[in-house]
Amino acid sequence: MAYIDIKKVLDMGTSQYFSMLIFKSRLYNLPVLFVTGSKGSFKTVRSLATTIYDLVQYNSPFDYYTVDLNEEQSALNGEIIERQTDFVDKAISTILGIYVILPNPPEHIVLIGHSVGSVVILNLLSTRWSLNQTKVKLVISLAGPLYQPVILPDRSMAQIHYRAHNYLNQISMISNYPLVIISITGGSRDRIVPDILGYIDLAYPGLNSLSLFTSSIQNVWASCDHRCILWCLQLMLRLNQGLMVHKSLSTDPTNRLNVFRNLFITKPLLTNHTLHSKRDETPEFNLKSSQLISPHMLWIHKTNQGNSIMDFYVPYNGLLIKFGPYFDNPEQHVLFLVTNVSNNWLHLCIETNDTNDKHCDYIVPITSPYITRLPNPLTRTFIGAGLITLSMIQKLPIFSSLVLNFQDTKDLKLYLVVSSDTNSLWDSITILIDTFHNVNQRIHSNLPNHPSLLPFYEKNPVTIFNPNLTGIFHRFYLPPEFYYLSPSTISPSLLVKRTNCSIGKRFMGMITLNTIWCNYFHYVAIENEETEITFQLPISHVSLSNYLKESPSFIDLYLDPNCVYEVSVYYSLVSWFSQLIRLHFMHFGGLLCGHLLLSLILLTFRLIAPNENHSLCNSNLNSISIIHEIHYHLGVAFIHFLSFQLISLPFSEWIELQKTGQLGLRLITTLQLLSSSSSSVYFANYLELILGHLPFLIISLPWGFIVPILNCIFDNGFLFLSRIIHRNDCSIIKQNDNLSSSSTLFMNISTLCILSVGWILSESVAVLLLSLLLLINFNSEFMRFEFNITNSSSIDYQQKLDILLYPSMRFLNVSMDILP
């Protein structure tokens with residue numbers, strides 16, 4: 001296989017910048033176009049294009065195309081995205097034009113984008129409405145910031161996302177709109193695009209979309225960094241599986257979306273308390289055993305078997321293992337965990353006559369949502385899992401039909417059969433069985449919370465339960481009125497200690513966090529003596545009131561019954577602070593510029609203040625002025641924080657971040673919610689509730705210390721250079737016209753360079769550089785003239801102000817001369 005350059009010249013002038021290639025030369029009647037991201041190579045399509053051969057040997061149903069965008073820095077310039085959009089538009093028409101020679105040419109194309117390439121696709125659809133009605137019906141985004149940009153470098157980038165927002169909002173209100181959008185983000189390892197920037201399901205509830213994290217996708221179950229998401233073999237296989245099934249379906253967007261939901265979403269164990277999606281429906285089966293089970297398969301009877309871990313070798317003709325009978329007690333729960341299983345691995349076996357020599361009179365497969373797939377911590381593959389109850393079995397159509405034939409259901413003996421397909425290698429399978437009757441000992445209404453401050457500062461060993469007395473499976477719910485889980489708020493952590501194991505490990509054990517309303521799944525294997533997991537969601541609900549109405553998150557513990565465990569709950573302030581820095585690192589520019597401007601204002605007042613002592617030989621006075629400046633910066637930070645909490649400014653960037661759940665809670669919203677009689681918010685005696693309002697204060701307060709300290713370092717640096725040059729600490733520095741002219745030349749050149757950076761790369765970077773340059777120039781001029789001002793009584797305050805403002809006026813004059 002190779003990249004084949006398509007020589008057809010495009011009509012647009014953009015063809016001189018870009019080119020289009022196909023990964024293979026044969027036409028299979030379904031084109032897929034891959035659009036790379038910022039500084040991305042077109043060659044990254046080969047991971048997706050080659051894994052299709054692992055599914056259908058030497059017979060791919062797709063043609064993979066890619067565009068060579070010359071690895072442009074599209075993330076820092078909206079005009080580049082506009083130019084790339086025009087090229088992709090022409091590329092789609094060119095690709096579909098190639099297939100006109102076929103008897104049944106395709107009418108649409110699948111678009112897959114990585115990072116900013118997804119923004120290019122979204123910009124294409126938002127500016128060309130007729131395109132996705134006829135040519136584009138499926139868009140897959142990999143680590144793409146569809147909801148919000150990572151940074152806003154210029155006005156054109158803001159306009160692109162504004163158009164995309166309006167477009168998605170409008171099509172979400174149109175029923176059966178043909179477009180389906182799949183957005184996949186990388187999880188905690190992606191340090192460039194946080195998950196919250198690619199999650200669009202909550203913002204556009206009527207849209208045919210599915211937003212997922214790689215750690216939540218079946219058979220992937222791992223986070224990926226920004227580039228690794230293109231090379232994850234498990235993810236590429238899953239995407240190609242979805243595309244193959246999607247190709248054969250009708251035009252109904254709901255059916256096409258359900259293909260990816262069934263293949264991607266990791267469903268937790270279903271219990272009588274679990275609320276699954278309304279789209280999960282139980283398929284109907286009514287099969288005799290002769291229709292399902294091969295007569296050549298080997299049967300093994302493990303009847304009257306209690307809780308245990310068993311290993312079996314699978315013969316070449318397949319294996320069937322019969323367990324039971326079960327459900328004499330209507331409250332009985334039976335848990336099965338099975339390794340190396342196929343799709344239909346669990347069956348209900350019904351015996352109606354004790355004298356019958358058949359293994360089962362009736363046998364019917366038990367399928368999703370009653371069984372699911374979970375990661376296998378030992379082999380890094382998957383295990384089949386099912387928690388079966390009598391109420392679940394009674395919902396099967398075959399069971400209701402049998403009840404009509406028998407007057408008493410007690411005459412029916414119910415067994416569970418684990419099957420394994422034909423296997424030429426005689427692989428082994430491991431089966432874990434756990435049965436219990438008292439649900440309250442396994443499925444707990446809520447995770448215990450501790451209102452004291454101690455768990456926030458150390459791992460407080462509060463033991464919850466001892467699993468060696470109660471079995472393998474446990475579930476703890478996190479009620480939304482007690483725990484507000486979001487990317488910015490502090491969340492509890494669970495610490496599991498393994499103290500003793502009677503025999504060698506045959507099942508490693510794991511902890512899973514499940515949130516159904518956002519399809520989130522995350523697991524941690526219990527590999528070491530101590531294992532911990534933080535219950536922090538990568539996305540947040542757009543409304544606190546709506547969050548309280550959602551089904552609660554819950555923790556599932558799968559533990560080795562041969563080991564003794566101790567489980568405790570604690571909070572980590574250090575982990576919370578590091579998470580805030582990671583999430584808001586790109587937003588620090590605005591705070592930094594604000595504090596730099598505040599330093600300029602304070603520097604001006606220091607010079608023109610009537611009672612200001614300008615003698616810099618006294619270090620005590622200098623340190624006192626630094627403390628005063630820190631007080632001013634902290635005061636401004638508190639005022640900014642209070643305005644954010646109480647006033648909704650439509651032009652504030654922070655208000656928009658809060659609406660997407662990136663800044664925790666707002667006091668005005670919480671007060672409105674608490675004042676309503678229909679709500680009850682506890683949050684561990686309001687301690688967690690208070691901390692949930694502080695993320696913005698935590699990320700803004702440090703700048704109140706950093707900027708004044710850096711300003712002090714600059715002051716001392718300029719003073720030290722002045723002392724070296726003039727060799728006298730308190731000597732009068734005379735004004736020098738040559739120094740002024742050289743300083744003017746330096747300011748002119750520096751301003752030109754910075755404005756060039758803003759024109760080529762980023763306006764926001766240019767604003768930050770200009771602020772730094774202005775502050776440095778103020779400091780240098782202030783230090784150069786301060787000795788004259790201090791030792792000359794003939795200079796009045798107006799002259800002092802003119803001396804200080806002189807460099808800034810030069811700076812502004814140069815800027816105005818350059819700007820159009």
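Predicted model: local features only at pLDDT ≥ 70, side-chain atom pairs only at ≥ 80, totals over all residues.

I count a disulfide as a pair of cysteine sulfur atoms within 2.5 Å.

Entry 1, disulfides. I searched the whole structure and got one disulfide. Cys-349 and Cys-360 make it, with 1.8 Å between their sulfur atoms. I looked up the handedness too: the angle about the S-S bond is -110°, so the link of Cys-349 and Cys-360 is left-handed. Cys-349 sits in strand 13 (residues 346-351), while Cys-360 is in the loop between strand 13 and strand 14 (362-365), so the bond ties together parts eleven residues apart in sequence. Are Cys-349 and Cys-360 buried or exposed? Both are buried.

Cys-224 has 3% relative accessibility, so I log it as buried. For Cys-228, the closest cysteine sulfur is in Cys-224, at 4.8 Å, again too far for a bond. Cys-228 comes out partly exposed, at 33% relative accessibility.

I traced an open sheet of five strands, order 10-18-12-16-15, with antiparallel pairing. Strand 10 (308-313) and strand 15 (371-375) are its edges, each pairing on one side only. Ignoring direction, neighbouring strands here are turned by 25° against each other on average. I then zoomed in on strand 12 (residues 333-339) and strand 16 (residues 382-389), an antiparallel pair with seven bridges. Val-338 has Gly-384, in strand 16, as its bridge partner.

Key
Residues numbered from 1 in each chain as written. Heavy atoms only, no water. Helix = DSSP H or I, 4+ residues; strand = E, 2+ residues; numbered from the N terminus. Buried < 20%, exposed > 50% of the residue type's maximum accessible area, 1.4 Å probe, protein only. Pairing = 2+ DSSP bridges. Axes fitted to C-alpha atoms, helices over the stretch in contact; angles between N-to-C directions.
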